[in-house]
Amino acid sequence: MFNKILIANRGEIAVRIIRACREMGIKTVAIYSEADRDSLHTMLADEAICIGPAASSQSYLNMERILTATVAMKADAIHPGFGFLSENARFAELCEKCNITFIGPSADIINKMGNKSEARKTMMEAGVPVVPGGKEPVYTVEEAKAMAQEVGYPVMIKASSGGGGKGMRISYSDEDFEANFQNAQMESVKGFSDDTMYIEKYIEKPRHIEFQIMADKHGHVVHLGERDCSIQRRHQKVLEESPSAVISEELRQRMGETAVRAAKAVGYENAGTIEFLLDKHKNFYFMEMNTRIQVEHPVTEMVTGMDLIKEQIRVAAGEPLSVGQKDVEIRGHAIECRINAENPSKNFMPCPGLITNVHVPGGNGVRVDSHIYNNYKVPANYDSMLLKLIVHGKDRQDAIRKMRSALGELVIEGIETNLDFQFEILSHEAYQEGDTDTHFIPTYFPQYCK
């Protein structure tokens with residue numbers, strides 16, 4: 001087992017990893033930028049080291065500084081969390097060259113699954129259902145339009161290296177295709193330095209269903225059930241739950257087996273997520289694979305009783321999985337709300353600033369993952385998420401009631417947040433009845449989608 005782990009991240013996920021390491025008796029090193037000098041993760045870790053200015057490019061994305069800090073602090077592993085360098089194949093490769101364990105999959109797997117067109121091709125070869133679309137990547141408007149006509153409108157234009165909703169556009173006809181393609185490709189070049197695009201059939205009113213998988217170095221792979229992540233704005237998840245309200249045990253088994261087959265097809269190791277689109281006829285299609293721990297992993301932990309961060313660490317250290325598929329049991333229902341420093345009424349404009357007062361809810365089945373505290377100053381340089389509020393109930397309705405109660409008790413003063421917006425979602429009749437899809441927010445809350 002590792003003696004010391006450096007956490008190459010910040011905010012609540014850094015705190016989450018530090019707590020798991022503490023319970024395992026593993027020492028931790030926190031890295032921080034100048035803007036995060038007073039962040040909670042720097043106080044909870046055994047050691048902390050500043051790696052640069054506020055800009056991510058000079059701190060949390062600076063591979064050389066992070067690796068230098070790892071060597072200097074004599075850490076033998078790096079946990080990348082999510083975001084930043086967590087899915088950067090070059091970083092994973094450099095860790096290996098420096099004899100530092102990267103707590104995640106290999107660089108080769110990150111490369112293969114991070115490239116959407118390559119991942120799509122790999123899944124098709126493995127017999128995993130994919131959304132109908134072009135088999136090859138495209139680079140020009142002309143070849144992309146020809147492919148769109150062949151696939152049939154509406155189509156989704158996607159950046160091959162995209163993520164988080166960047167480089168994605170929906171086109172309904174030849175008339176709007178050229179502008180949408182050019183905008184998506186420009187966004188891809190700007191965000192990922194890659195002009196590779198691909199075209200697939202747009203599934204109308206789908207649900208976004210993802211399966212958590214865990215795989216060890218000994219060829220064992222299990223799935224830990226599904227998360228329904230359909231409540232989104234601009235392709236960014238807002239609220240997640242497990243299990244899905246519309247998936248039967250038979251469908252869960254089929255989708256879970258498909259997710260395991262997909263992971264085995266690439267020789268996957270560590271935690272990962274197979275993401276599917278589920279249409280109204282209960283047909284499911286592979287969308288992408290995330291080769292890291294997800295923001296929403298706590299809902300899976302709540303319904304399975306597993307600690308996914310600890311499992312990641314054990315697997316990275318060469319230990320076999322602690323469970324087999326027959327040991328995985330889904331109990332009750334869990335919901336997670338992402339509470340962000342943003343103003344929904346102003347197009348979700350980020351609202352950094354000084355938090356003057358915080359009160360977090362508690363009680364049986366209530367969990368708060370966060371890095372904020374009274375008089376904490378939220379920096380303007382990073383993602384706006386302040387905390388994740390997670391609840392676990394005996395069934396979906398119990399979990400909804402518990403989340404509404406917890407949201408009503410949560411207090412964050414001094415800055416604007418999306419807390420009231422989350423309460424509106426939980427209170428909406430369509431959500432309570434489980435009638436959701438990826439267009440839920442634009443359909444029922446158009447005032448927030450200007």
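Colleague: Which residues are buried in α13?
Modeller: This is a predicted model, where local features need pLDDT of at least 70 and side-chain atom pairs count only at pLDDT 80 or more, while totals for chains, interfaces and linings use all residues. Residues are numbered from 1 along each chain as its sequence is written, and side-chain values use heavy atoms, with hydrogens and water left out. Buried means under 20% relative accessible area, exposed over 50%, partly exposed in between (1.4 Å probe, protein chains only). In α13, the buried residues are Leu419, Phe421, Gln422, Ile425 and Leu426.

Colleague: Within what arc do the buried residues of α13 fall?
Modeller: The arc is taken from the directions from the helix axis to the C-beta atoms. The buried residues line one face of α13, so seen down its axis they fall within an arc of 160°.

Colleague: At about what angle does α13 run to β14?
Modeller: Helices (H or I, at least four residues) and strands (E, at least two) are DSSP runs, numbered from the N terminus. Axes are lines fitted to C-alpha atoms, for helices over the stretch in contact (heavy atoms within 4.5 Å), and angles run from 0 to 180 degrees between N-to-C directions. Helix α13 (residues 419-427) lies across β10, β11 and β14, and its angle to β14 is about 150°.

Colleague: Which are the edge strands of the open sheet of eight strands?
Modeller: Two strands pair if DSSP finds at least two bridges between them. The order is β13-β12-β9-β10-β11-β14-β21-β19, with antiparallel pairing. Two strands pair on one side only: β13 (284-290) and β19 (366-370).

Colleague: With which side chain does the side chain of His333 make a polar contact?
Modeller: His333 lies in strand β14 and is buried, at 4% relative accessible area. A polar contact is a pair of N or O atoms within 3.5 Å; within protein, one must be able to donate a hydrogen and the other to accept it, and residues adjacent in sequence count only if both atoms are side-chain atoms. At 2.7 Å, the partner of the His333 side chain is that of Glu241.

Colleague: How many disulfides does a search of the whole structure find?
Modeller: A disulfide is a pair of cysteine sulfur atoms within 2.5 Å. The closest cysteine sulfur to that of Cys21 is in Cys95, 15 Å away, too far for a bond. Cys351 is in no disulfide, as the nearest cysteine sulfur, that of Cys449, is 17 Å away. For the whole structure, the number of disulfides found is zero.
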